[in-house]
Amino acid sequence: MAKNKNEPVKEEKAAPVLLKEAAFSFEALKEHSKELFGVKPEILEGALFYIKDQPITKTEAKKQIDAFLSKEV
């Protein structure tokens with residue numbers, strides 16, 4: 001608080017809050033693959049083949065799907 005009327009009041013700014021994105025199981029993402037990513041469950045299985053055992057965010061899953069679909073056969 002200011003000592004006198006002419007002294008400006010210093011306001012403390014709160015640190016920005018970083019929200020952590022929720023992680024989902026492979027099975028949960030597979031169940032809703034069409035709605036979430038616009039791909040069949042089989043595509044999701046191929047894209048996330050090596051990381052099925054660990055929870056993954058929707059953003060990371062989308063990156064993996066895009067990388068999988070862009071691979072040459």
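## Terms and model

Buried means under 20% relative accessible area, exposed means over 50%, and partly exposed lies in between (1.4 Å probe, protein chains only). By that scale Glu 45 is partly exposed, at a relative accessible area of 26%.

This is a predicted model: local features need pLDDT of at least 70, side-chain atom pairs count only at pLDDT 80 or more, and totals for chains, interfaces and linings use all residues. Residues are numbered from 1 along each chain as its sequence is written, and side-chain values use heavy atoms, with hydrogens and water left out.

## Salt bridges

The whole structure holds two salt bridges. The term covers a side-chain nitrogen of Lys or Arg within 4 Å of a carboxyl oxygen of Asp or Glu. Glu 45 pairs with Lys 30 at 2.7 Å, N to O. Glu 45 sits in helix H3 and Lys 30 in helix H1, so this bridge ties together parts 15 residues apart in sequence. Helices (H or I, at least four residues) and strands (E, at least two) are DSSP runs, numbered from the N terminus. Lys 30 is partly exposed, at 24% relative accessibility.

Lys 62 and Asp 66 form a salt bridge at 3.4 Å, N to O. Both residues lie in helix H4, four residues apart, about one turn of the helix. Lys 62 is partly exposed at 34% relative accessible area. Asp 66 is partly exposed too, at 40%.

## Nonpolar core

A nonpolar core is a set of buried Ala, Val, Leu, Ile, Met, Phe, Trp, Tyr and Cys residues joined through side-chain atoms within 4.5 Å. The largest one here has ten residues: Phe 26, Leu 29, Phe 37, Val 39, Leu 44, Ala 47, Leu 48, Ile 56, Ala 61 and Ile 65. Helix H1 (26-31), helix H3 (41-47) and helix H4 (58-70) each give two or more residues to this core.

Take Phe 37. Leaving aside residues up to four places away in sequence, Phe 37 touches Leu 29, Leu 44, Lys 58, Ala 61, Lys 62 and Ile 65. Contact here means heavy atoms within 4.5 Å.

## Aromatic pair

There is one aromatic pair in the structure. Rings of Phe, Tyr and Trp (its six-membered ring) pair if their centres lie within 6.5 Å; planes under 30 degrees apart count as stacked, over 60 as edge-to-face and the rest as tilted. The Phe 49 and Tyr 50 ring centres are 5.0 Å apart and the planes stand at 85°, so the pair is edge-to-face. Phe 49 is partly exposed, at 48% relative accessibility. Tyr 50 is exposed, at 77% relative accessible area.
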